[in-house]
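Please open the structure in your viewer and keep the selection panel at hand.

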Amino acid sequence: MSRVPVRRRLSPADRREELLDAAEAVIRRLGDTARVEDIVREAGAGRGTFYVYFETWEALLHALRERVFAQLDQRFSAWANSARDWRDLVSGLPELFVDMTLGMEGLHQALLHGPVGQAPPRRTRHDVIHRLADLITQGVTAGAFAVVDPKMTAVLVFAVLHETADQVERGASRKATLAAAQDLLIRALEATNRAG
């Protein structure tokens, strides 16, 4: 007679993290074809457990997006702190964003191109647009950027960065695409060689 595996007793917060861990692993592999059944199988949980923590599939994706963006935000902050000057910072943005986006694997499609990615942006601690706007505002204050509206400029910079990553993912020359994006951003922001 086979034994039924015993579920570990976890706190609600730990169980929720377990489901998010499973969702991240499954969606990395399967992209936007992943389903609730795949995630609960990966977590060793029941379907009902999923709905205790996430009312809908979209609620899971929003939670996962916040988690992934927090991880990306840590990488972004470490990279921004290592930049030598404002020009270095601006010219490095496309490569950083391409590397981070491609590193997301199936999460990229599910979190940035699916219904959750098309929804109006939510203001969170790790919101990419607001982080870029803060960075641009700091550059304006330092006299390195000549920008009229940092928030709208951040929206447009994000569009350039995202499309750069999409083009590289579709097979465009990484070197040529990054060079074009770097040139465009430096010219658009009017970055100088002055140290920040």
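In this tour, a residue is called buried at under 20% relative accessible area, exposed at over 50%, and partly exposed in between, with a 1.4 Å probe and protein chains only. The model is predicted: local features need pLDDT of at least 70, side-chain atom pairs count only at pLDDT 80 or more, and totals for chains, interfaces and linings use all residues. Residues are numbered from 1 along each chain as its sequence is written, and side-chain values use heavy atoms, with hydrogens and water left out.

**The whole chain**

Of the 196 residues in the chain, 44% are buried. Switch to a surface view: the accessible surface comes to about 11,100 Å², and carbon and sulfur atoms account for 53% of it. This area follows the Shrake-Rupley method with a 1.4 Å probe; for residues, only the protein chains shown count as cover. A contact means heavy atoms within 4.5 Å. Among contacts between residues at least 6 apart in sequence, 68% join residues at least 24 apart.

**First stop: helix α1**

Select residues 12-30, which form α1. Ala13 lies in this helix. With a relative accessible area of 55%, Ala13 is exposed.

Is Glu24 buried or exposed? Glu24 counts as buried, at 12% relative accessibility. Leaving aside residues up to four places away in sequence, Glu24 touches Leu64, Arg67, Gln71 and Leu107.

**Second stop: helix α2**

Select residues 36-43. In this helix, α2, the buried residues are Val36, Asp38, Ile39, Val40 and Ala43. To see what surrounds them, display α1, α3 (47-53) and α4 (57-82), against which the buried residues of α2 pack.

Two packed helices are described by the angle between their axes and the distance between the axes. Here, axes are lines fitted to C-alpha atoms, for helices over the stretch in contact, and angles run from 0 to 180 degrees between N-to-C directions.

Select α5 (residues 86-103) and α8 (residues 128-141), whose axes come within 11 Å and cross at roughly 155°. The two helices are therefore roughly antiparallel to each other; angles under 35 degrees count as roughly parallel, over 145 as roughly antiparallel, 65 to 115 as roughly perpendicular and the rest as oblique. From α5, Trp86, Leu89 and Leu93 make the contact, together with Leu132, Leu135, Gln138 and Gly139 of α8. These residues divide into 5 nonpolar, 2 polar and no charged. In this grouping, Ala, Val, Leu, Ile, Met, Phe, Trp, Tyr, Cys and Pro count as nonpolar, Asp, Glu, Lys and Arg as charged, and the others, Gly among them, as polar.

Select Glu105, found in the loop between α5 and α6 (106-113). Glu105 is not a glycine, yet it has a positive phi of about 55°. Its relative accessible area is 47%, so Glu105 is partly exposed.

Select α6 with α9 (residues 150-169). Their axes come within 13 Å and cross at roughly 140°, which makes α6 oblique to α9. Which residues meet here? His108, Leu112 and His113 in α6 meet His162, Asp166 and Glu169 in α9. By class, this contact has 1 nonpolar, 3 polar and 2 charged residues.

Terms used:
Helices (H or I, at least four residues) and strands (E, at least two) are DSSP runs, numbered from the N terminus.
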